[in-house]
Amino acid sequence: MGARDGEMDPLDALRPLMAAHSPPIDVLIVPSADYHQSEYVADRDKRRAFVSGFTGSAGVAVITANEALLWTDGRYFLQAIQQLSERWKLMRIGEDPAVENWIADNLPDEAIVGVDPWCISVDTAQRWERIFSKRNQKICQLSTNLVDQIWKNRPLPKIQPVIVQSLEFAGCPVAEKLKYLREKLTQEKAFGMVIVTLDEVAWLYNIRGNDVSYCPVVHAFAIVTLDSAFLYVDKQKITPEVATHLANNGIEVRDYLVVEKDVELLATGALKSLVAVKDSQTEHIEKGEETTACNNHNETKKVKGNLIWMDPVSGCFALYSKLPSDQVLLQPSPLALAKSLKNPVELDGLRKAHIRDGAAVVQYLVWLDKQMQEIYGASGYFSESGGTNKGKHSETTKLTEVSVSDKLESFRAQKELFKGLSFPTISSVGPNAAIIHYSPDRETCAELDANSIYLFDSGAQYLDGTTDITRTVHFGKPSIHEKACYTAVLKGHIALDAAVFPSGTTGYSLDTLARVPLWKDGLDYRHGTGHGIGSYLNVHEGPQLISFKPQSRSVPLQASMTVTDEPGYYEDGNFGIRLENVLIVKEAKTKFNFGDKGYLAFENITWAPYQAKLMNVTLLSPEELEWVNAYHSKCREVLAPFLNEQEMSWLKKATEPFRA
């Protein structure tokens, strides 16, 4: 990324375009997002990575005539330091001024701020506008993305077929999802919704795709009204099977960028479908629900039901700008919450996918344990002594962060319904494990080391569910300090897993549980503790979060949601520790029910052992030891059908019960 041999540095190519633009651009903002505000984007949409050289999934590049700055969060501080050239300055989110505040304070009055309006959300644009207005600075919505103009070898778009997510795995038909959405529209006096987020489009229409690595989504927009539904997609991706599926559900397919024109038509009541849902308007009337006939915008403006719903966080500014602001209902998408509340079929699929995935992780650990002993003379997964610590070995036999993660993928690929990884595997040794979202490079990655901690955070996409697991192991003799830190992380991991809490509790309240054992030693970590996870969809799914971040206060946890439980500790230059399982929120059976609120708890669905050698058992309470023993017993039970005799023997040893 960034300047390559024989190529002009992107900064030197962009600045003349900024100066020549009408009006001249004083500062150019290059976000990470694509047209759908996605976390993971296709290679051709990695504009921020191209201009800055920083490849993390979160960040914003800001370029002026004389400066270049990169904002990112605590997961990526170390990675950014390593990847940014001396021409760039790292700005730490949470420590340095926010992007908009820095621009307001460092650019002159009436400065022009250039940005591609397709790549920023409504919420972000409005926040920037409020701050910039104090200095009469203005956002200039670029009609052409300047980065695209200088990116000579920009990857071509993928043309891969859309696929139908069958009812066998989706668990809920499209008709029911559309009915739910239309009921929400009616409740909010809206007659239509513009859906931008890729996983919401995929979930609503029961389709999947291959347009973004690791995320089974298709680049598409959707518009749903009280009596019609549209999908905006490259029509080359629509197979006959998908065309039939969409037509049977009253969904009209239109070209991807036609969405811009159709949003304008929607606002004036002129958007008409050739595939209207049969009798849907009549159905609403029979129910006594008020609908808005989209005939004349001026006539219906003051009538109930004239609003157009758009999520301010995921809706792109370009489409919002096509609508009269007083006609837009800016509030969170009802699809985000509906998608997060997994139906019984999805929950069953997630449980089964995680069992197969856990078997793959155990097979990997068995293989890796053997390799570390044979190649490096390590004492192994179980012992702290007895290794030979062999010195040099041949290049053909050495293990690297990438070669071992490839092996882990190969074990997963053998499992039923496997479709690929759910994110780039974090396979990290020693100091690299301290880089929270470390991404090993095949050419430069580290070799495994028997005397260092090894952390792997990985997951897979299966047709029946998405997985995400982290384990931290040591094949030599861990230090007393490493054991103490691992045990503190484990205690926080257990505390969250074992929590019982009243309905209405948010992830903001629960986040502390995972940190208290670390706080007691003056330790902490710079990332959230948990995120939702999709059903053969994105590995990071909202709206629920377990985090210290303010947005985690807005959505209470509810039964049938999924969350991860992943506290950690990272010591720059030395090691990193993280433990992660996926949990399902469930109703708790409590002795009492104070306030008639109802209480919730967690069901663990991730299965792989915790390394006893890394624990300081004296720091664990009897209840914590009992938790580990019960978890390990369940691991043996659920994974046994998927392991051979040798693998099962290893797992039995890895899960031997502790004596309290």
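## The second largest pocket

About 640 Å³ of space lies in the second largest pocket of this predicted model. Its lining is made up of 33 residues. Nearest the centre of the second largest pocket lie Tyr35, Arg44, Asp45, Arg154 and Tyr256. In the second largest pocket, 14 charged residues stand beside 12 nonpolar and seven polar ones.

## The enclosed cavity

How many cavities of 30 Å³ or more does a search of the whole structure find? The search finds one. The largest cavity holds about 80 Å³ of space. It is lined by 13 residues, and the closest to its centre are Ile29, Val30, Pro31, Asp116 and Asn145.

Two elements, β1 (27-31) and α6 (146-150), each give two or more residues to the lining of the largest cavity. Strand β1 gives the most, with four residues. By class, 10 residues of the lining are nonpolar, one is polar and two are charged.

Serine 379 sits in the loop between α16 (344-376) and α17 (401-413). Is serine 379 buried or exposed? Its relative accessible area is 16%, under the 20% cut-off, so serine 379 counts as buried.

Two backbone oxygens lie within reach of the serine 379 side chain. One belongs to serine 383, at 2.9 Å. The other belongs to phenylalanine 475, at 3.3 Å from a polar side-chain atom of serine 379. Setting aside neighbours within four places in sequence, serine 379 is in contact with Gln373, Glu384, Ser385, Gly386, Gly387, Phe475, Gly476 and Lys613.

## Lysine 483 in helix α18

Lysine 483 belongs to helix α18 (residues 480-497). Lysine 483 is buried because its relative accessible area, 18%, is under 20%. Beyond its neighbours within four places in sequence, lysine 483 is in contact with Glu384, Pro478, Lys613, Leu614, Met615 and Asn616. Glu384 and Lys613 are among the contacts of serine 379 and also among those of lysine 483.

Aspartate 441 is placed in the loop between β16 (426-429) and β17 (453-458). Its relative accessible area is 38%, which lies between 20% and 50%, so aspartate 441 is partly exposed. The side chain of aspartate 441 reaches the backbone nitrogen of glutamate 443 at 2.9 Å. Glutamate 401 is 40 residues away from aspartate 441 along the chain, with 8.5 Å between their C-alpha atoms.

Lysine 634 is part of helix α20 (residues 622-639). At 34% relative accessibility, lysine 634 is partly exposed.

## Cysteines

How many disulfides does the structure hold? It holds zero. Cysteine 485 is buried, at 1% relative accessible area. Cysteine 635 is buried too, with a relative accessibility of 0%.

## Backbone exceptions

Most residues other than glycine have a negative phi, and most peptide bonds are trans. Several places in this model depart from that pattern.

A cis peptide bond joins serine 22 to proline 23, with omega at about 0 degrees. Proline 23 lies in the loop between α1 (10-20) and β1. The bond from glycine 542 to proline 543 is also cis, and its omega is near 5 degrees. Proline 543 is in strand β23 (residues 541-546).

Asparagine 136 has a positive phi, near 55 degrees. It is found in the loop between α5 (122-133) and β6 (138-141). With a relative accessible area of 44%, asparagine 136 is partly exposed. Leucine 417 has a positive phi as well, of about 70 degrees. Leucine 417 occupies the loop between α17 and β15 (418-421).

Definitions and conventions: Residues numbered from 1 in each chain as written. Heavy atoms only, no water. Disulfide = S-S within 2.5 Å. Buried < 20%, exposed > 50% of the residue type's maximum accessible area, 1.4 Å probe, protein only. 1 Å grid on protein atoms, 1.4 Å probe; cavity = no way out; pocket = protein on both sides within 12 Å on 5 of 7 lines; lining within 4 Å. Points joined across faces, edges and corners; volume = space filled by probe spheres on them. Nonpolar A, V, L, I, M, F, W, Y, C, P; charged D, E, K, R; others polar. Polar contact = N/O pair within 3.5 Å; in protein donor to acceptor, adjacent residues only side chain to side chain. Contact = heavy atoms within 4.5 Å.
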